[in-house]
Amino acid sequence: MPAATSPVAQAGVGLIEILITLFILAVGLLGVAALQFTGSFANKDAISRTQAELVAQQVAERLRAAARPAIQGDGIVANDAYFSSDNYNFSGLSCAGSHPYKCYCLSRPGGVPNCEGGECSEVDMAAYDGWALSCATVQTNPSMTLNVSCDDNNGGDADVCSAGSRIQITVRWPVNNSANQQYTLNARCNPDSGSSSACVYKDITL
C-alpha cells in the first residue's frame with residue numbers, strides 16, 4: 001500500500017492579493033493628490049489676499065501723504081488724479097510680455113514721471129504713485145487689479161473727492177470654483193453679474 005502524501009503548502013503572494021493591495025494604494029494616492037490640489041488653491045488665495053491687504057494699506061498711506069488742505073471748506077483732500085483709472089493697472093502702457101510685473105516694474109516705463117529724485121507736481125506724483133502701487137498689486141498675482149474711487153459728498157466744489165468724502169480702495173482678483181473649493185462671492189467684489197472675483201476693500205476718509 002503506497003504511503004499517503006502530505007499536501008504541499010502554498011508559498012508567496014497570489015495575484016488577487018497583489019491587485020487588492022494596488023487598488024488600496026491607488027485610492028490612497030488619489031486622496032493625497034486631491035488634498036494637495038485643494039491645498040494649492042487655498043494657498044494661492046491666501047497669498048493673494050495677504051498681498052491685497054498690504055496694497056490697500058499702502059494706497060491709504062500714499063493718499064494721506066499726498067493730502068493737502070482743501071481750497072473750499074475745511075479738511076484735507078488728495079489731487080483729483082489719484083481717483084483717475086488712467087493712473088492704475090498700467091493703463092495706456094504696452095508690453096509684449098505676459099507678466100505685467102516683468103513688463104512694467106523691473107524698470108520705470110518712459111511714460112511714468114520720475115519722482116524718485118526730482119520734484120514732481122501733484123498730478124505727476126499721482127501718476128508715479130499709481131504706477132508703484134500697480135506694481136505692488138501684481139507682484140505675486142498678475143491677475144490682480146487696483147481701483148481707487150470716491151463717493152463725493154459735495155458736488156458743488158472743484159474737487160473730485162471733497163473733504164470728508166468716503167474713498168473706496170478695492171484690490172480684486174479672479175477666482176474659480178472647483179469640486180473641492182467653493183467661493184462665496186461678495187457682491188461688492190463682483191459689480192458685474194458675470195464676474196467671479198474675490199477682493200479686499202477698504203473705506204477711508206482723509
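Me: Which residue forms a disulfide with C105?

Reply: The model is a predicted one. In it, the sulfur atom of C105 lies 2.0 Å from that of its partner, and a pair of cysteine sulfur atoms within 2.5 Å counts as a disulfide. The partner of C105 is C135.

Me: How many residues apart in sequence are the parts that C105 and C135 tie together?

Reply: C105 is in the loop between α2 (100-104) and α3, whereas C135 is in helix α3. The link of C105 and C135 is left-handed, with -95° about the S-S bond. Because the two cysteines sit in these two elements, the pair ties together parts whose separation in sequence is 30 residues.

Me: Is C135 buried or exposed?

Reply: Buried means under 20% relative accessible area. C105, at 12%, is buried. The relative accessibility of C135 is 7%, so C135 counts as buried.

Me: What pattern do the disulfides of the protein chain follow, with bonded cysteines counted along the chain?

Reply: The structure holds five disulfides. Among them are C95 to C103 and C115 to C120. Counted along the chain, the bonded cysteines give the pattern 1-2, 3-6, 4-5, 7-8, 9-10.

Me: Which residue meets D129 in a salt bridge?

Reply: A search of the whole structure finds seven salt bridges. In one of them, D129 has a nitrogen partner at 2.5 Å, N to O. D129 lies in helix α3 (residues 122-137) and the partner in helix α1, so the pair ties together parts that are 67 residues apart in sequence. That partner is R62.

Me: Is D129 buried or exposed?

Reply: R62 has a relative accessibility of 29% and therefore counts as partly exposed. For D129 the figure is 3%, and the cut-off for buried is under 20%. D129 is therefore buried.

Me: In which helix do D45 and R49 both lie?

Reply: D45 and R49 form a salt bridge, with the closest N and O atoms 3.9 Å apart. The two residues are four residues apart, about one turn of the helix. The helix spans residues 15-66 and is α1.

Me: Which residues are linked with R188 in a network of salt bridges?

Reply: R188 forms a salt bridge with D203, the closest N and O atoms being 2.5 Å apart. This pair links distant parts of the chain, with R188 in the loop between β4 (166-174) and β5 (197-204) and D203 in strand β5. The residues linked with R188 in the network are D151, R166 and D203.

Key
Residues are numbered from 1 along each chain as its sequence is written. This is a predicted model: local features need pLDDT of at least 70, side-chain atom pairs count only at pLDDT 80 or more; totals for chains, interfaces and linings use all residues. Side-chain values use heavy atoms; hydrogens and water are left out. A salt bridge is a side-chain nitrogen of Lys or Arg within 4 Å of a carboxyl oxygen of Asp or Glu. Buried means under 20% relative accessible area, exposed over 50%, partly exposed in between (1.4 Å probe, protein chains only).
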